[in-house]
Number of protein chains: 4
Amino acid sequence: MTDQRRPSAGVARRSETSRRAVLTAAFELAAEVGYAKLSIEGIAARAGVGKQTIYRWWPSKGAVLFDAFLMFTTGEPGEGGGGEGGGESVEEAALPDTGDIEADLKTVMFATVDELNDPRYDRTMRALSIEIAHDADLAALYAERLNRPMRELKKRRLRAAQEAGQLAADLDLDVAVDLLWSPLLVRWLHREGPLTHEYAAALVETALGGMRP
Amino acid sequence: MTDQRRPSAGVARRSETSRRAVLTAAFELAAEVGYAKLSIEGIAARAGVGKQTIYRWWPSKGAVLFDAFLMFTTGEPGEGGGGEGGGESVEEAALPDTGDIEADLKTVMFATVDELNDPRYDRTMRALSIEIAHDADLAALYAERLNRPMRELKKRRLRAAQEAGQLAADLDLDVAVDLLWSPLLVRWLHREGPLTHEYAAALVETALGGMRP
Amino acid sequence: MTDQRRPSAGVARRSETSRRAVLTAAFELAAEVGYAKLSIEGIAARAGVGKQTIYRWWPSKGAVLFDAFLMFTTGEPGEGGGGEGGGESVEEAALPDTGDIEADLKTVMFATVDELNDPRYDRTMRALSIEIAHDADLAALYAERLNRPMRELKKRRLRAAQEAGQLAADLDLDVAVDLLWSPLLVRWLHREGPLTHEYAAALVETALGGMRP
Amino acid sequence: MTDQRRPSAGVARRSETSRRAVLTAAFELAAEVGYAKLSIEGIAARAGVGKQTIYRWWPSKGAVLFDAFLMFTTGEPGEGGGGEGGGESVEEAALPDTGDIEADLKTVMFATVDELNDPRYDRTMRALSIEIAHDADLAALYAERLNRPMRELKKRRLRAAQEAGQLAADLDLDVAVDLLWSPLLVRWLHREGPLTHEYAAALVETALGGMRP
DNA sequence: CCCTAAGCGAGACGGTACGTCCGGTCTTCCA
DNA sequence: TGGAAGACCGGACGTACCGTCTCGCTTAGGG
């Protein structure tokens, strides 16, 4: 997000306490009140922190929210590039692989559906989504730090299936991932209909088999 | 949005002039400054209208934006009144049908891609999308008045292909529509990558043929 | 206030019902909510009258209040010049005359004190006073229609005392009236101290006897 | 008005610059446009200050006006802080004392008359008077901070005359002050007649000599 | 006895100001 | 020197009234 973490050298002593207080407050407020009423003023107050402390370390409300999300989702580190110590949880994770790609995809997508149906996660994720939608910088950050690792995981599972001959050898895995997950996201974000396991299953089946007879 | 048009009875009717001025101002401002700087105060000023006139007839900034979009997209009516005079443009329209479903889908999706790449349309549509994402009422309105007609059109073309034996007889057309268009929307809204004809073509081909070998 | 009453000729038929409803509403609202929250909108609503009916017949909020005061204070007529039929109540009234000017003055001033201490009268009169203080036109009207008759009454009693040799022959009665009543008004309007009979009595005694030894 | 000036403790202290800008703007605007068009919005704009800065430190428009009047009338301090540094100008002042109470009173009252006839002073003072008339809190403040010192000055001169045997030994000086000045105020505020030196002279003479023969 | 013009209630309109909230910046003190 | 505290300017929020302006309706003349 920002630079910081000039390890020793000059001086630089960002308060870890404040950082965590801000991110925690942001995350909780997002879950409680949603995007519309989420204010930097409110975050600072809830965190017991001066507003300047937020402005000093984050460029925008979305950036705070993003870091908060990162902290509570992946291991911890939040933002500093430093950390090979934190991202591991994502790196080490893997999608289930029972050998049956259709079943495994359904398992994962059902989990996504359940998550999006949880009000707390819904509000947080919705707030983040909205920030991303109108802040290109944040979108890039999101793509790189949150979306890319997730997409890698998905592609890894698809690649395994491909190598097992269950998917077409010339399948573009990025397109495949979009084909499966995007409809879920759109239906959720724009509330175009109920987000059910049935819908997710239909997506998997249709995407796998294709629309042709 | 609102009802109005109690033809006689009470009295004092809504000013059509003001209504159009507001919607025009909203549409133009959204295209010019984007969501973040779109204010009711600004719309009122640009429209030469008292703020109360906006608050009187629309429940939220998003509702104004929605009506503006509706007015400039479909024929006219916006919300009240006209009735059977306006919705026709959408109803009467139809997707191209050359007999080749793959080619026709690409044609339509290329057009969508081009639209989303146009900065003016991008800003307007993005503003509307964001409003929809955090206003369930507006989302319902959008689903009903803007999304449903478009989806009907798409499904009509798919149904024709289905009847011609080019698509599976048991294909769920709603799922099919989502499969094709959602990835476009997500990539656009979250700026996950360049929105190109190539990408759209890949989507069509993969969705039609399926991911399996 | 206004002209109206072109008896026949064109047409002109002001609704007496509305006039009274407006004045009653104004008077009651002034007594209930005081000057600060007294609005033409509120008066119209309470009177069940269109705002235009007020703007048509009165030039200002103060004018309405003035007429209301006039109607509920002196007999009735309100404003139309027509009426030699209404002012009589004031004309016919007279201050008490027991032959003892000091006692009589105290009686009258005690009554004034009591009136000003009554919350309902206080609020109404205060609202009117404030309007008068920042509207020269209204001030002129007030001086002519409400203040002058009252002053005449007072001067009449003083003149009687003067003729009876109880007051100096060369006493300027207007100055005398001011000397007696103004301190009461100022103390009341600016809340400079408690408005008591004692204070009124002291005023009368000092004014009569003078400040010299 | 307000307290403030917690010298150390918390932090962030009030801007003296803003305070003076607000009071200056209020004073000038009151003199220029009068009570009716005096708005907090206007004061803030003219002072180059955020509205919140006014709302933060003053409870009402009248309070601002009062402080403005205080600052431009007595030395300076306005309300908070300074303390013993400001009130002196009034304390040290004194009414003229030539030994002739009648002449001295006329001198002072002529000055008052001239002041009230000055349009700038008239508008300012009228605005303040009106605010006082409908705000009891402000009235108390006014009585204490502006009226009391002035009254003290007047009583001091009257007391000197009393000790010199020119006034009755048992004269209530407060009543005497009211007797002399209130008629001036009422005639001015309600515009009951021309405010002339003649009128003031008549007041002094009548009050001194009494109404009796 | 109808016709017509007014007054009427209702209330929308373009505006101004209200008092509040928040965004970002700046300043002061403490640790 | 980073951080808490919070004042500051700016500007949008949503509300309340202002004074003006249609609307249809009602009603009282004059034809």
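At 34% relative accessibility, C:R191 counts as partly exposed, a class that lies between buried, under 20% relative accessible area, and exposed, over 50%, with a 1.4 Å probe and protein chains only. C:R191 lies in the loop between α9 (173–189) and α10 (197–209) of chain C. Helices here are DSSP runs of H or I with at least four residues, strands are runs of E with at least two, and both are numbered from the N terminus. The phi of C:R191 is positive, near 50 degrees, in a residue other than glycine. Most residues other than glycine have a negative phi. In chain A, A:R191 likewise has a positive phi of about 50 degrees although it is not a glycine. A:R191 is found in the loop between α9 (173–189) and α10 (197–209) of chain A, and at 34% relative accessibility A:R191 counts as partly exposed.

The model is predicted: local features need pLDDT of at least 70 and side-chain atom pairs count only at pLDDT 80 or more, while totals for chains, interfaces and linings use all residues. Residues are numbered from 1 along each chain as its sequence is written, chains are lettered from A and ligands numbered from 1 in the order in which they are written, and side-chain values use heavy atoms, with hydrogens and water left out.

Chain A has ten helices and zero strands, so its elements, read from the N terminus on, run α-α-α-α-α-α-α-α-α-α. Of the 213 residues of chain A, 49% count as buried. A contact means heavy atoms within 4.5 Å. Among the contacts in chain A with a separation of 6 or more, 66% come from residues 24 or more positions apart.

Two places in chain A put a charge over an aromatic ring. The criterion is that NZ of Lys or CZ of Arg is within 6 Å of the ring centre and within 35 degrees of the ring normal. The charged end of A:R14 sits over the ring of A:W58, 4.8 Å from its centre. The charged end of A:K61 sits over the ring of A:Y35, 5.2 Å from its centre.

In chain B, the axes of α1(B) and α4(B) come within 8 Å and cross at roughly 95 degrees. Axes are lines fitted to C-alpha atoms, for helices over the stretch in contact, and angles run from 0 to 180 degrees between N-to-C directions. Residues of α1(B) including B:R19, B:L23 and B:F27 meet residues of α4(B) including B:V64, B:F69 and B:F72.

A search of the whole structure finds nine aromatic pairs over all chains. Rings of Phe, Tyr and Trp (its six-membered ring) pair if their centres lie within 6.5 Å; planes under 30 degrees apart count as stacked, over 60 as edge-to-face and the rest as tilted. The rings of B:F27 and B:F69 have their centres 6.5 Å apart and their planes at 45 degrees, so this pair is tilted. It links distant parts of the chain, with B:F27 in helix α1 (residues 16–33) and B:F69 in helix α4 (residues 61–73) of chain B, 42 residues apart. B:F69 counts as buried at 5% relative accessibility. B:F27 and B:F72 form a stacked pair, 4.4 Å centre to centre with 20 degrees between the planes. These two residues are 45 residues apart, in α1 and α4 of chain B, and B:F72 counts as partly exposed at 38% relative accessibility. B:F27, B:F69, B:F72 and B:Y121 form one aromatic cluster.

Elsewhere in chain B, B:L153 lies in helix α8 (residues 136–163) and counts as buried at 10% relative accessibility. The C-alpha atoms of B:L153 and B:A93, 60 residues apart along the chain, are separated by 7.7 Å.

The last topic is how the chains are related. Copies are superposed by least squares on the C-alpha atoms of residues with pLDDT of at least 70 in both. A rotation of 180 degrees with 0.0 Å of shift along its axis superposes chain A on chain B, with an RMSD of 0.1 Å. The two copies are thus related as by a two-fold rotation axis. In chain A, the C-alpha nearest the axis is that of A:G210, 1.7 Å from it. The same surface serves both copies, as 100% of the contact residues of chain A recur in chain B. Chain D can be laid on chain C by a turn of 180 degrees and a shift of 0.0 Å along the axis, with an RMSD of 0.1 Å. In chain D, the C-alpha nearest the axis is that of D:G210, 1.6 Å from it.
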